[in-house]
Amino acid sequence: MNKVRYGIIGVGNMGRAHARSLINDIKGAELTAVCDTSPERLDWAEEHLPASVQRFSSPEELFKSGTIDAVLIATPHYDHPPLAIEALGCGLHVLIEKPAGVYTKAVQEMNDAAAKSDRKFGIMYNQRTNPLYQKLRDLIQSGELGEIRRTNWIITNWYRSQSYYDSGGWRATWAGEGGGVLLNQDPHQLDLWQWTTGMMPKRVRAFCHFGKYRKIEVEDDVTAYVEYENGATGLFITTTGEAPGTNRFEITGDNGKIVIEDGKLTFWRLRTPEPEFNAGYTGGFGSPECWKCEIPVAAGDGEQHKGIMRNFTNAILHDEPLLAPGEEGIRGLTLSNAMYLSAWTDNWVDLPIDGELFHAKLKEQVQNSTFTKEPASGQALNVSGTH
């Protein structure tokens with residue numbers, strides 16, 4: 001094989017952007033088919049994509065068509081696991097949009113199917129291509145920061161207006177989307193939180209506000225506190241309702257503090273590690289000498305979505321290691337599931353979470369919903385500049 005034939009399921013907002021990238025930017029990739037249950041979206045595909053791109057109205061037809069080697073799944077979240085499992089069963093390579101799914105029970109079934117397959121399985125964690133987070137991960141994993149003591153992420157610059165939520169009938173509903181800011185905007189940060197530090201919490205306590213700022217039934221404001229096995233603690237604060245927002249990730253370790261904010265990484269490095277300083281200092285009010293280090297980081301945000309598609313294509317063609325293996329999608333989802341479960345039960349949640357209990361609680365939210373949503377505008381949004 002010298003070229004990977006791609007099909008895309010879902011040609012809404014993100015699917016259209018991915019289609020253009022596969023046609024114009026990804027060496028070794030060829031877009032040969034798209035699939036959508038919406039006739040209007042297939043009409044868009046007929047008008048805007050090359051005539052050679054075949055159109056299908058059901059995934060089953062696409063999978064059995066023989067026109068593709070790999071499928072990119074860009075559908076509403078609930079559909080990711082069942083479509084991925086079906087595609088893997090048909091011998092296709094699978095790249096899913098984030099999040100991996102809505103609840104860990106389904107995602108674990110998807111991971112099990114991938115483990116039994118010899119196909120490539122990836123997830124669109126495009127923020128892993130960002131040089132800032134790659135450098136942060138390097139500094140932590142190499143031991144430069146020392147043992148982690150605290151992680152704090154304030155991510156409140158995901159501003160979304162009411163018109164955004166009104167653009168799709170499935171958006172911001174328990175039945176359609178399965179969650180709000182944690183599930184739609186924050187999967188990247190929840191992934192990077194554990195990917196860069198290499199740590200998952202042992203327990204979570206969270207407070208979620210549902211429909212605080214917008215006419216939606218899911219959460220748009222969250223504060224979560226976590227504890228790690230080594231005694232470290234963490235805080236995760238997020239909302240879609242504030243402007244201007246903040247995006248500040250701060251990690252403190254024995255050797256100092258690293259801050260990512262405003263597109264820059266700063267390492268506040270202690271000349272002497274804090275435990276060593278404390279053991280030998282007798283002067284009372286002193287503190288370790290600290291140097292502000294500007295860490296060199298490659299310019300730009302990285303290749304983002306195109307980088308993940310390029311890497312996935314090369315993985316199929318040349319066995320290049322995946323930057324974002326699909327199986328790792330369950331980690332960030334575990335964090336968001338734990339936050340919901342903590343809010344719903346008004347209690348601590350230990351990790352790994354009880355997947356059956358979470359699924360039961362989620363079904364309660366769906367079944368007990370009295371929320372009525374206005375008919376969707378059906379407008380495809382411009383996703384340039386989003387993540």
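The protein chain exposes about 17,200 Å², and carbon and sulfur atoms supply 47% of that area (Shrake-Rupley method, 1.4 Å probe). Please keep in mind that this is a predicted model, in which local features need pLDDT of at least 70, side-chain atom pairs count only at pLDDT 80 or more, and totals for chains, interfaces and linings use all residues. Residues are numbered from 1 along each chain as its sequence is written, and side-chain values use heavy atoms, with hydrogens and water left out.

Here is the chain as a whole.

| Property of the protein chain | Value |
|---|---|
| Radius of gyration (over C-alpha atoms) | 22 Å |
| Span of the C-alpha trace along its principal axes | about 75 × 50 × 40 Å |
| Buried residues (under 20% relative accessible area, 1.4 Å probe) | 53% of 387 |

Among contacts (heavy atoms within 4.5 Å) with a separation of 6 or more, 71% join residues 24 or more positions apart.

Now for the inside. A search of the whole structure turns up one cavity of 30 Å³ or more, where a cavity is a set of points on a 1 Å grid that a 1.4 Å probe fits but cannot leave. The largest cavity has a volume of about 50 Å³, the space filled by probe spheres set on the points. Its lining (residues with an atom within 4 Å of a point) includes P99, Y125 and L183. Helix α12 (329–345) gives the largest share, four residues. By class, the lining has eight nonpolar, three polar and no charged residues, with Gly counted as polar.

Methods: 1 Å grid on protein atoms, 1.4 Å probe; cavity = no way out; pocket = protein on both sides within 12 Å on 5 of 7 lines; lining within 4 Å. Helix = DSSP H or I, 4+ residues; strand = E, 2+ residues; numbered from the N terminus. Rg over C-alpha atoms; globule rule 2.2 N^0.38 Å. Buried < 20%, exposed > 50% of the residue type's maximum accessible area, 1.4 Å probe, protein only.
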